[in-house]
Amino acid sequence: MKRILPYMLILAMLSALAGCAKKPEEPEARSVVVGFSQLGAESSWRIANTASMEEAAKEYGFGLMMENANQKQEKQIDAIRSFIAYQVDVIVFSPIVETGWDNVLAEAKSAGIPVILVDRMVETADDSLYTAYVGADFYAEGRRAGEYLVRKADALGMEHVRIAEISGTLESTPMRDRQRGFMDVIAGDSRFEVIESICGDFLRSKGEECAAALLSKYGKDGIDVIYSHNDSMILGVLDVLEREGIRPGQDIVLITVDGEKEAVEALKAGKINCVVQCTPQLGREVMELVKGLKAGKKIPRVSHPDEGAFTDFDDLADPAVEGF
Ligand code: AHR
């Protein structure tokens with residue numbers, strides 16, 4: 001018995017230590033501070049994305065310094081400078097547009113603070129200015145929208161398809177790539193004509209304004225398809241069409257991107273024809289990368305979530321067809 005006792009003691013100590021094995025939310029981890037510059041609150045997508053970042057930081061036990069720039073690039077630059085002054089561990093930011101970040105990112109680099117881009121990309125000649133990107137493949141989203149349209153035009157036997165595009169914020173990654181992906185699919189098919197592309201800044205109110213402007217210019221019989229770069233804008237379009245006695249989804253085919261609940265409900269009601277998915281739930285992936293960086297691990301340069309599309313060709317009673 002005497003010989004067994006020391007072993008039992010060691011075993012008890014080991015299991016106590018195992019119980020203390022570090023989980024992300026434990027006190028040591030809390031000393032990690034993430035500076036997060038969110039670009040605004042322009043859509044339900046953005047609001048869900050902010051919540052995802054906050055929840056994930058809490059779950060991982062990281063401190064989160066968050067600044068919302070209300071759509072102003074200068075405010076994002078100020079926020080990043082304040083994170084550098086505070087010497088946060090990692091800077092995460094969602095750039096409103098792609099250009100104009102080189103100086104501030106070079107400052108972060110000289111301060112030795114890694115930068116993770118979330119949701120949107122920057123355009124820079126120096127790729128070492130950021131460590132990783134987490135966000136959608138917007139080009140693939142644009143292609144999905146175009147592929148849906150080709151299928152719809154085939155199904156309806158449409159010979160000449162007049163498309164009005166309502167774009168997101170000019171020079172932002174989703175605007176550029178959703179447009180490029182869509183155009184690449186329909187280019188070369190003589191049935192399709194983009195009659196106009198106007199900017200709705202990802203805002204529901206501007207979506208309404210764009211719809212009103214399009215209708216007064218082309219009339220209700222002059223547009224076959226509206227392709228909107230996000231749900232907020234298409235929901236604004238929907239309001240206008242219904243007010244004007246136009247049947248959305250029937251008189252005009254509506255294609256949108258995101259997957260918020262209200263848009264998915266409208267799809268199920270036959271008022272929207274296609275919702276290309278874009279998930280705002282990026283927080284966990286970002287915090288996982290922060291954890292990896294703090295542990296000195298090599299982290300993936302680009303991470304895209306898995307996404308698809310919900311369309312009027314699908315079984316919309318499927319419980320998997322749901323919004324956020
Ligand atoms: O960058 C992602 C886009 O920004 C979303 O599609 C849109 O809703 C948001 O405002």
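## Ligand contacts

An oxygen atom of the ligand lies 2.4 Å from an N or O atom in the side chain of Glu-42. For Ser-43 the corresponding side-chain distance to a ligand oxygen is 3.0 Å, and for Arg-178 it is 2.9 Å. Taken alone, the ligand exposes 280 Å², and the protein buries 100% of that (Shrake-Rupley method, 1.4 Å probe).

This is a predicted model, in which local features need pLDDT of at least 70 and side-chain atom pairs count only at pLDDT 80 or more, while totals for chains, interfaces and linings use all residues. Residues are numbered from 1 along each chain as its sequence is written, and side-chain values use heavy atoms, with hydrogens and water left out.

## Ligand shell

The residues around the ligand (a heavy atom within 4 Å) include Trp-45, Arg-46, Asp-119, Arg-120, Phe-138 and Asp-258. By class, the shell has six charged, four nonpolar and two polar residues. Helix H3 (44–60) and helix H7 (173–186) are the elements that give two or more residues to this shell; helices are DSSP runs of H or I with at least four residues, and strands are runs of E with at least two.

## Sheet

Six strands form an open sheet in the order E2-E1-E3-E4-E5-E11, with parallel pairing; two strands pair if DSSP finds at least two bridges between them. Strand E2 (63–68) and strand E11 (302–303) are at the edges and have a single partner strand each, so one side of each lacks a neighbour in the sheet.

Strand E5 (residues 132–134) is joined to E11 by two bridges, and the two run parallel. Opposite Val-302 in E11 stands Tyr-133.

Notes: A polar contact is a pair of N or O atoms within 3.5 Å; within protein, one must be able to donate a hydrogen and the other to accept it, and residues adjacent in sequence count only if both atoms are side-chain atoms. Ala, Val, Leu, Ile, Met, Phe, Trp, Tyr, Cys and Pro count as nonpolar, Asp, Glu, Lys and Arg as charged, and the others, Gly among them, as polar.
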